[in-house]
Amino acid sequence: MNKKVLYTVLCALIFSFFLTLTAGSARGRNLFISKCGQCHKTGGEAEPFAPTKYASIQWERFFSRSLHNRKKDISGLFTPEELEAIERYLVNHAADSSQPEAAGLK
Ligand code: HEC
């Protein structure tokens, strides 16, 4: 492979990596709003909240210990992969994160 081809392939790889990253975090946000938001809404079964409700380490603990299931068992409603995407979104936008997101469920 000559240098030009190598450079093009490298750029394409880096670009697709960033695309995957941004698509991944949009997916976590969409799942959070559509699925957690089914119950967590004004007048709903539970209070609405935003990612800034907790600090990153608290969200990590919340998911790693499945703390939600002590209040209400939601294990049947989410695949492990969906929970992972939502956790990543909440951790990345937690109160102590570099991009805190106070606009959450309504
Ligand atoms: C089937 C309905 C339902 C779904 C879906 C649901 N929740 Fe809940 N959630 C509840 C109920 C009920 C409570 C307990 C009442 C309350 O604290 O408002 C609760 C409590 C919570 C609490 C407060 C826990 C505490 O210790 O104070 C958090 C945080 C939370 N849920 C996050 C989530 C997240 C994140 C999702 C999506 C992955 C989610 N919930 C999906 C019903 C639901």
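Trainee: At what angle do the axes of helix H2 and helix H4 cross?

Mentor: Roughly 165°, and the axes come within 9 Å. H2 covers residues 56-64 and H4 residues 80-92. This is a predicted model: local features need pLDDT of at least 70, side-chain atom pairs count only at pLDDT 80 or more, and totals for chains, interfaces and linings use all residues. Residues are numbered from 1 along each chain as its sequence is written.

Trainee: What makes H2 roughly antiparallel to H4?

Mentor: The axes cross at roughly 165°. Angles over 145 degrees count as roughly antiparallel, so H2 is roughly antiparallel to H4. The crossing is right-handed.

Trainee: Which residues in H2 and H4 meet?

Mentor: Ser-56, Trp-59, Glu-60 and Phe-63 in H2 meet Leu-83, Glu-87, Leu-90 and Val-91 in H4. Contact is defined by C-beta atoms, placed from the backbone, within 7 Å. The residues of this contact are 5 nonpolar, 1 polar and 2 charged.

Trainee: Which residues make up the largest nonpolar core?

Mentor: It has 11 residues in all, including Leu-31, Trp-59, Ile-86 and Leu-105. Such a core is a set of buried Ala, Val, Leu, Ile, Met, Phe, Trp, Tyr and Cys residues joined through C-beta atoms within 7 Å. Buried needs 20 or more other C-beta atoms within 10 Å. The largest share, 5 residues, comes from H4.

Trainee: Why does Ser-16 count as exposed?

Mentor: Ser-16 has 10 C-beta neighbours inside 10 Å. Exposed means 12 or fewer, so Ser-16 counts as exposed. Ser-16 lies in helix H1.

Conventions. Axes are lines fitted to C-alpha atoms, for helices over the stretch in contact, and angles run from 0 to 180 degrees between N-to-C directions. Helices (H or I, at least four residues) and strands (E, at least two) are DSSP runs, numbered from the N terminus. Angles under 35 degrees count as roughly parallel, over 145 as roughly antiparallel, 65 to 115 as roughly perpendicular and the rest as oblique. A crossing is left-handed if the near helix is turned anticlockwise from the far one by less than a right angle, and right-handed if clockwise. Two residues are in contact if their C-beta atoms, placed from the backbone, lie within 7 Å. Ala, Val, Leu, Ile, Met, Phe, Trp, Tyr, Cys and Pro count as nonpolar, Asp, Glu, Lys and Arg as charged, and the others, Gly among them, as polar.
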